[in-house]
Amino acid sequence: MLEVAALRAGYGPIEVLRGVDLAVGPGEIVALLGSNGAGKSTLNNNVSGLYRPFGGSIRFEGEEITGASSMHIVKAGLVQVPEGRRVFPNLSVRDNLELGSYRRGKPHRAANLERVLEIFPRLRERLTQSAGTLSGGEQQMLAIGRGLMGEPRLLILDEPSLGLSPLLVEEMFGLIGRLNRQGLAILLVEQNVVQSLALAHRAYVLENGRIALSGSAADLARDPDLRRSYLGH
Amino acid sequence: MFDPAFLFAGILNGLLAGGIYVLVAVGLTLIYGVLHIINFAHGSLLMLAMYAVFYLWRLIGIDPYAALPVVTAGAFGLGFVLYRLLIGRYSHGRDENILLITLGLSIVIDNVALLFFGGDTQTIDVPYAGTFVEIGAAFLPLPKIISFGASLVICAALGVYMARSDMGKAIRAVAKERQGARLVGIDVENVFAVSYGIGIACLGAAACLLMPTYYVTPSSGHAFVLVAFTIVVLGGMGSFAGAAVGGFLIGITESLGGLFLGEQLGQIGISLIFILILLLKPTGLFGSKA
């Protein structure tokens, strides 16, 4: 579905990603793990078309999307729920969700809105409230809901558990599993190694702009190097 | 010492003048809110639109009010194209550059206007210019009443468009969260161009509403924009409600100032209110923190 090959990317003269290969297949949850500064968000933002890569290739469903605009990539069905939510604070919850189908999924806007509100009943209660007044957890729900409004074929979730209480983190991972069981492919970008590996089918570990480890999530969970670096034992 | 009826007339006159100010200020505040720049070309573009209205009347005999749809649409087109071909392209994504480009644009337009139109004051003679409407003790010129009503309708229509349409929502989304907007597939550059276009379209409409009672010279746009700028800061940068309330407030202040202090000194009232608001509420009446 998504194939990233030898991707090099960064900002100005600084190269952050130095040849990354990564793939997500249909129906998979793939976890992308790594500490702060490893290049996870750089990877996302290049895949989503916010930045133009230095080199390498990104293909989505067989189509070359390297350097394509974010409009084109959303239109193709690759939707990112960004780190820090990036909801529209001055717009109501409803308007935020409706804008999720600005480029894609507009014909089914009403039905999708109903579906998102069933997944997140909290958002239904807050429908007319402006998004800036929501709590962090609610904003995260809104960001995911807005992403779902675009009828994604592949959803990139960048640190969905960041800043949430442990209980909400549980809920969030439960939700990601449910969305996936409905057939949605997910690239889960996380620092939360244990829970991500428990949920994902496969995983990649990004270190200093390169893939340091990759394999099935079960194998990686037993990997002694990974355990030492991220779990401390 | 003054008759209350006199005061009433002054307030009504101020309200009527405020209508046009609101229109000019709404355009300015929209451009500021979305592009985060002060559009220094605002006054020059208003002047261009006023000349367009003048020449449509002079050469083809089109009434300024009848010219409104054409001039407004033309102004939108001009704004859109200016953004696409000049402002967006040469700003390289930096707000400071947009600012410099609009300033440069203003200087060029002013001087080209001086070259082609000359420095003479031009006015339009409409048959209804001398018609007055009596409201209480106040005699109000009919064109001013029409202009006032039309600017209210235009502002309300714009408000509905911004609140209901997908493009309106996208414009508001881009104003506060550009990255999030890109991630839902909004064409941010296009939204910038449309916003700039709408801002200039407001000037086109304002020009049609002004010309039956006002005159045009190559520098007459700036007087309005200076006032509009005051209104935008007063109401809160980027706030629609602020531009509306600020516009009427300034209109009334100017009118009453003129009444009590005379035409020249009356402008002091505007500066006074401006300074007071900035002292008491630096973000403006409806402004939020950046």
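## Chain B: the overall build

Let's start with chain B, which has eleven helices and four strands. Both kinds of element are DSSP runs numbered from the N terminus: helices are H or I with at least four residues, and strands are E with at least two. This is a predicted model, in which local features need pLDDT of at least 70 and side-chain atom pairs count only at pLDDT 80 or more, while totals for chains, interfaces and linings use all residues. Residues are numbered from 1 along each chain as its sequence is written, chains are lettered from A and ligands numbered from 1 in the order in which they are written, and side-chain values use heavy atoms, with hydrogens and water left out.

How does the radius of gyration of chain B fit its 290 residues? A compact globule would come out near 19 Å, and chain B has 19 Å, which agrees. The radius is taken over C-alpha atoms, and the globule rule is 2.2 Å times the number of residues to the power 0.38. Along the principal axes, the C-alpha trace of chain B spans about 60 × 50 × 35 Å.

## Chain B: inside and surface

Buried residues make up 51% of the 290 residues in chain B. Here buried means under 20% relative accessible area, exposed means over 50%, and partly exposed is in between (1.4 Å probe, protein chains only). Among contacts between residues at least 6 apart in sequence, 78% join residues at least 24 apart; a contact means heavy atoms within 4.5 Å.

The accessible surface of chain B comes to about 12700 Å², and 70% of that belongs to carbon and sulfur atoms. Such areas come from the Shrake-Rupley method with a 1.4 Å probe; for residues, only the protein chains shown count as cover.

## Two places to look in chain B

Find Asp125(B) in the loop between β1 (122-123) and β2 (132-135). Is Asp125(B) buried or exposed? Asp125(B) counts as exposed because its relative accessibility is 62%. Its C-alpha atom is separated by 8.8 Å from that of Thr213(B), 88 residues apart along the chain.

Now for the cysteines. A disulfide is a covalent bond between the sulfur atoms of two cysteines; here the test is a pair of cysteine sulfur atoms within 2.5 Å. The structure holds zero disulfides over all chains. For Cys202(B), the nearest cysteine sulfur is that of Cys155(B), 6.6 Å away. For Cys208(B), the nearest is that of Cys202(B), 12 Å away. Cys202(B) is buried, with a relative accessible area of 5%, and Cys208(B) is buried too, at 0%.

## Chain A: the overall build

Chain A has ten helices and ten strands. Its radius of gyration is 17 Å, close to the 17 Å that the globule rule gives for 233 residues, so chain A is as compact as a globular protein of that length. Its C-alpha atoms fill a box of roughly 45 × 40 × 30 Å along the principal axes.

Buried residues make up 54% of the 233 residues in chain A. Chain A exposes about 9600 Å², with carbon and sulfur atoms supplying 50% of it.

## A closer look at Asn180(A)

Asn180(A) sits in helix α7 (residues 166-181) of chain A. At 10% relative accessibility, Asn180(A) counts as buried. Which residues does Asn180(A) touch, not counting those up to four places away in sequence? They are Gly27(A), Glu28(A), Ile29(A), Ile186(A) and His201(A). The C-alpha atoms of Asn180(A) and Leu155(A), 25 residues apart along the chain, are separated by 9.7 Å.
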